[in-house]
Amino acid sequence: MALDIACPLCGEDEDLAGERSEGEITITCGSCGQSWSRSLTPKCPTCEGEDLVTVPKAILERSRGTQLSVVGIQMVQLCPVCDRDDIERWQRHLPRPLMPTDLPTIGQIDPDSVGH
């Protein structure tokens with residue numbers, strides 16, 4: 001689970017601007033002009049838990065044909081309750097980043113088969 005932020009009105013998730021003030025961030029959508037506030041403390045979108053774990057997750061792209069390459073790392077926040085399997089999978093393969101389960105070439109895969 002990444003901390004996904006999208007406009008509640010139009011769904012835009014890139015053309016967003018945030019301004020910090022007194023314990024919250026006011027976000028404004030550049031596409032439709034909608035503004036909303038969110039807490040500075042991230043919460044799990046499923047259970048509303050605030051005890052999140054920050055984990056490095058690999059960003060994969062096709063480099064040649066079907067060959068995949070790690071082109072970057074994205075820090076994602078996972079819930080110890082809702083994302084327990086992903087956290088355990090990441091811990092089993094330390095110090096490597098968490099590998100995505102949806103690959104650009106073949107779709108869904110068995111997460112335990114990646115990175116061996």
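Is Arg89 buried or exposed? Arg89 is buried, with a relative accessible area of 6%. The model in which this residue is examined is a predicted one. The account below begins with the chain as a whole and returns to Arg89 after the cores and the cysteines.

The protein chain contains 1 helix and 7 strands. Along the sequence these elements follow the pattern β-β-β-β-β-α-β-β. Of the 116 residues in the chain, 22% are buried. The chain exposes about 7700 Å², and carbon and sulfur atoms supply 46% of that area. Among contacts with a separation of 6 or more, 34% are accounted for by residues 24 or more positions apart.

The largest of them has 6 residues in all: Val55, Val76, Leu78, Ile87, Trp90 and Leu98. Strand β5 and helix α1 each supply at least two residues of this core. Apart from it lies another core, of 5 residues, which includes Cys7, Ile25, Ile27 and Cys29.

For Cys7, the nearest cysteine sulfur belongs to Cys32 and is 3.6 Å away, and Cys7 is in no disulfide. Cys7 counts as buried, because its relative accessibility is 4%. Cys10 is likewise in no disulfide, the nearest cysteine sulfur being that of Cys29 at 3.7 Å. With a relative accessibility of 44%, Cys10 counts as partly exposed.

Charged side chains come next. Side chains of opposite charge can pair when their charged atoms come close. The model has 2 salt bridges. In one of them, Arg89 pairs with Asp86, and their closest N and O atoms are 2.9 Å apart. Both Arg89 and Asp86 lie in helix α1, 3 residues apart, which is about one turn of the helix. Arg89, as stated at the outset, is buried at 6% relative accessible area, whereas Asp86 counts as partly exposed at 25%. The other salt bridge joins the side chains of Lys43 and Glu50, with an N to O distance of 3.7 Å. Lys43 is partly exposed at 35% relative accessibility, and Glu50 is partly exposed at 49%.

On the surface, Val70, Ile73 and Met75 form a nonpolar patch with about 290 Å² of accessible area together. Met75 is found in strand β5, which spans residues 67–78. Met75 counts as exposed because its relative accessible area is 52%, and the threshold for that class is over 50%.

Several backbone features complete the picture. Glu22 is not a glycine, yet it has a positive phi of about 35°. Glu22 lies in the loop between β1 (16–21) and β2 (24–29), and it is exposed at 84% relative accessibility. Glu48 also has a positive phi, near 70°, in a residue other than glycine. The loop that holds Glu48 runs between β3 (35–39) and β4 (53–64). Finally, the peptide bond from Leu94 to Pro95 is cis, with omega near 10°. Pro95 is placed in the loop between α1 (84–92) and β6 (102–103).

How values were computed. Residues are numbered from 1 along each chain as its sequence is written. This is a predicted model: local features need pLDDT of at least 70, side-chain atom pairs count only at pLDDT 80 or more; totals for chains, interfaces and linings use all residues. Side-chain values use heavy atoms; hydrogens and water are left out. Patches are made of residues with over 30% relative accessible area and no salt bridge: like charges are joined within 9 Å, nonpolar side chains (Val, Leu, Ile, Met, Phe, Trp, Tyr) within 5 Å. Accessible areas come from the Shrake-Rupley method with a 1.4 Å probe; for residues, only the protein chains shown count as cover. A salt bridge is a side-chain nitrogen of Lys or Arg within 4 Å of a carboxyl oxygen of Asp or Glu. Helices (H or I, at least four residues) and strands (E, at least two) are DSSP runs, numbered from the N terminus. Buried means under 20% relative accessible area, exposed over 50%, partly exposed in between (1.4 Å probe, protein chains only). Contact means heavy atoms within 4.5 Å. A nonpolar core is a set of buried Ala, Val, Leu, Ile, Met, Phe, Trp, Tyr and Cys residues joined through side-chain atoms within 4.5 Å. A disulfide is a pair of cysteine sulfur atoms within 2.5 Å.
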